[in-house]
Amino acid sequence: MAPTETNNSHHRRSVAASLVKGVYTLERDRRYHRKGPHALAPPWWEFFNFKLFKLLVDNHDTSYFGAIYEYAPPYPHHHHINYYGQRPPQYVVAFRGTINMPGNRKQDFKLNLHVIINNLKRSTRFQIGLESVCDIIKHVGPSSGSVWLAGHSLGSSIALVLGREMVKQTGAHLETYLFNPPFISPPVGRITNETLKIGLRFVNSVITAGLALAFRVAGGRPSSSNADDQEPDQFTVLSSWVPFLFVNPLDPICSEYAGYFKHREDMELIGAGRIAKIATKHSIGSILTSFTRKKDSSEALHLIPSAHLTINSSRLQSFKEAHGIQQWWMRDFQFEYKLYQYN
């Protein structure tokens, strides 16, 4: 009997999360000089019939921040189609998150700062990742499902921005798995008072939309009520790319993604869809910092128009568990799922 769609989704999520864990373990193997039979990383990809194709190395601290895996089954692909729900990817490009250890801490925290100030595209890790993904796309073509992107935490930010760039530069829609990606905003979702929470999000949307329109006026763009629609809308271009987004409500780093998508629906219901449409593609921080950059726009790189959103509603005991990668390969975790499609 063929696996159900739920089983297929679990398998694909588990594969993506395990390959990301493989990058963490590769870096720890490097730091602790574990080689050959002493290395702990290979089982994380060999179990799923992948092999290590290329290491992505940070040229500042020589750490392994990413890896490219190539699918190498012991028998023909058609035996694996049902297991994955469709053909498995030929390559997976995976990125680890922050490792809070001497030797990693300085450069990883520097990259976290790039994420916070909306400047990740200027980092060497992003540039190395972009060149590597473009090389693979040239080799295998942009066919759907042939290349996956995956990342956790800081690595999820890299995968997200890479996915955005591939849509904009080449039109390729890469299947992307984003585990606990940072949402650059106060975690309003952690507020227990529902009225206060809704009110804060509404005020934030009004301010964000107002600043976005004011920025266009200051920049010499049209000042009419339709100003946001009179320029090429990159957000709409991105809307057909629908990454898989995995968040935990107990993780303040990523939890606001759930509120971001739900609030957009709530604004439509109360007749404030116009405000929501403008606010959902901007953040206050990115708008303000764009005034100090000559070439950068107010595009907020952590915001995405569409997503397959999975929220882990299992009971976890600590922030470490709520933010950890291991929760995403557990089979018995409780979750809520919803597709959000921007239009």
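Predicted model: local features only at pLDDT ≥ 70, side-chain atom pairs only at ≥ 80, totals over all residues.
**Notebook: helices, sheet and aromatic pairs**

Residues are numbered from 1 along each chain as its sequence is written, and side-chain values use heavy atoms, with hydrogens and water left out. The helices (H or I, at least four residues) and strands (E, at least two) that I name are DSSP runs, numbered from the N terminus.

**Entry on H4**

I looked up the length of H4, residues 105–116, and found that its 12 residues reach 16 Å from first C-alpha to last, close to the 16 Å expected at 1.5 Å a residue; the expected span is 1.5 Å times one less than the number of residues. I then asked which residues of H4 are buried, taking buried as under 20% relative accessible area, exposed as over 50% and partly exposed as in between, with a 1.4 Å probe and protein chains only. They are Gln107, Asp108, Leu111, His114 and Val115. Seen down the axis of H4, these buried residues fall within an arc of 105 degrees, so they line one face of the helix; the arc is that of the directions from the helix axis to the C-beta atoms. On the other side of H4 I found Lys106 and Ile116 exposed. The cover over the buried residues of H4 includes helix H5 (124–140) and helix H6 (154–170).

**Entry on the sheet**

I traced an open sheet of 8 strands in the order E1-E2-E3-E4-E5-E6-E7-E8, with mixed pairing, where two strands pair if DSSP finds at least two bridges between them. Its edge strands are E1 (50–57) and E8 (335–340), each of which pairs on one side only, and the twist averages 15 degrees from one strand to the next. Strand E3 (residues 91–95) and strand E4 (residues 147–152) run parallel and are joined by 5 bridges, with Phe95 standing opposite Gly151 in E4.

Further along, I found that E6 and E7 pair in the parallel sense over 4 bridges, whereas E7 and E8 run antiparallel and are joined by 6 bridges. Leu309 in E7 is the bridge partner of Leu245, and Tyr337 in E8 is that of Thr310. Both faces of E7 are covered, with Ala307, Leu309 and Ile311 buried on one side and His308, Thr310 and Asn312 buried on the other.

I returned to H6, which lies across E3, E4 and strand E5 (175–179) and runs at about 145 degrees to E4; axes are lines fitted to C-alpha atoms, for helices over the stretch in contact, and angles run from 0 to 180 degrees between N-to-C directions. Of the 17 residues of H6, 14 are buried, so the helix is largely enclosed by the rest of the structure. Ala159 is found in H6 and is buried, with a relative accessible area of 0%. What does Ala159 touch, not counting residues up to four places away in sequence? I listed Phe95, Leu149, Ala150, Gly151, Thr176 and Leu178, a contact being heavy atoms within 4.5 Å. After H6 comes Gly171, whose phi is positive, near 80 degrees.

A search of the whole structure gave me 19 aromatic pairs; rings of Phe, Tyr and Trp (its six-membered ring) pair if their centres lie within 6.5 Å, and planes under 30 degrees apart count as stacked, over 60 as edge-to-face and the rest as tilted. The rings of Phe65 and Phe95 have centres 6.2 Å apart and planes at 20 degrees, so this pair is stacked. The pair links distant parts of the chain, with Phe65 in strand E2 (residues 64–71) and Phe95 in E3, 30 residues apart, and both Phe65 and Phe95 are buried.

Phe261 and Tyr340 are also stacked, at 5.0 Å centre to centre and with 25 degrees between the planes. Phe261 lies in helix H9 and Tyr340 in E8, so the pair ties together parts that are 79 residues apart in sequence. H9 (residues 256–269) itself lies across strand E6 (244–247), strand E7 (307–312) and E8, running at about 50 degrees to E8.
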